[in-house]
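Dear colleague,

Here is the structure I promised to pass on to you. Please look through it first, and then read the notes below beside it.

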Amino acid sequence: MADLLYLLRARWSLVIVPQAVWDESRYVGDTAALHRLDAARAEGWLEVRHALHNDDVARLRAKLDAGESEAIALALELKAEWLLIDELKGRNVAKQLGLAVTGTLGLLIWAKMSGRSPSLRELIDLVESRGELYLSQELKESALVAVGE
């Protein structure tokens with residue numbers, strides 16, 4: 001996802017990353033990606049924060065991993081406009097809690113529809129080739145048809 005930081009910045013003026021997700025990102029092994037993440041943080045449009053309500057995080061941890069749990073808890077605390085989350089179980093929990101969710105595919109569709117990318121297929125191929133996202137063939141085809149590709 002670090003290769004697509006420009007899309008996050010174009011879509012939202014401020015992106016808040018939960019500390020647990022930030023910590024997970026440090027283990028990707030891609031030094032260039034880590035430098036891009038650090039640069040985005042230094043520029044101030046990407047912030048890293050802890051969820052303050054640890055009891056919410058603990059309750060969510062019964063169902064979800066650390067990153068998803070803290071992301072949902074932080075989105076609730078901040079009354080976030082959007083929660084960017086890909087994992088289906090986490091998306092479902094977030095929706096049940098009243099959060100508006102989108103995922104990487106939603107961001108890629110936005111990039112295509114807003115003219116920031118000429119090809120949704122190329123964006124999908126990029127994230128899939130890096131192992132950053134898996135989409136079923138049916139979901140890919142549906143998204144491509146929806147944007148006229």
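**Notes on the structure**

Glu87 is placed in the loop between β3 (83-84) and α6 (88-96), where helices (H or I, at least four residues) and strands (E, at least two) are DSSP runs numbered from the N terminus. The model is a predicted one, in which local features need pLDDT of at least 70 and side-chain atom pairs count only at pLDDT 80 or more, while totals for chains, interfaces and linings use all residues. Residues are numbered from 1 along each chain as its sequence is written, and side-chain values use heavy atoms, with hydrogens and water left out.

With a relative accessibility of 35%, Glu87 counts as partly exposed; in these notes buried means under 20% relative accessible area, exposed means over 50%, and partly exposed is what lies in between (1.4 Å probe, protein chains only). The areas themselves come from the Shrake-Rupley method with a 1.4 Å probe, and for residues only the protein chains shown count as cover.

Glu87 also belongs to a negative surface patch, which it forms with Asp23, Glu24 and Asp65. Patches are made of residues with over 30% relative accessible area and no salt bridge, like charges being joined within 9 Å and nonpolar side chains (Val, Leu, Ile, Met, Phe, Trp, Tyr) within 5 Å. Lys and Arg count as positive and Asp and Glu as negative, whereas His and the chain ends are not counted, and the place of a charge is taken as NZ of Lys, CZ of Arg, CG of Asp or CD of Glu.

**The chain as a whole**

The protein chain has nine helices and four strands, and along the sequence they follow the pattern α-β-α-α-β-α-α-β-α-β-α-α-α. Its radius of gyration is 15 Å, close to the 15 Å that the globule rule gives for 149 residues, so the chain is as compact as a globular protein of that length; the radius is taken over C-alpha atoms, and the rule is 2.2 Å times the number of residues to the power 0.38. Along the principal axes, the C-alpha atoms fill a box of roughly 45 × 35 × 25 Å, and buried residues make up 41% of the 149 residues.

**Salt bridges**

Side chains of opposite charge can pair when their charged atoms come close. A search of the whole structure finds five salt bridges, each being a side-chain nitrogen of Lys or Arg within 4 Å of a carboxyl oxygen of Asp or Glu.

One of them joins Arg9 to Glu43, with the closest N and O atoms 3.0 Å apart. Since Arg9 lies in helix α1 (residues 5-11) and Glu43 in helix α3 (residues 31-43), this pair ties together parts that are 34 residues apart in sequence. Arg9 is partly exposed at 44%, and Glu43 is partly exposed at 49%.

Another joins Glu149 to Lys112, where the closest N and O atoms are 3.7 Å apart. Glu149 lies in the segment after α9 (137-146) and Lys112 in helix α7 (residues 104-113), so the pair ties together parts that are 37 residues apart in sequence. The relative accessible area of Glu149 is 30%, and this residue is partly exposed.

In the salt bridge between Glu47 and Arg49, the closest N and O atoms are 2.6 Å apart.
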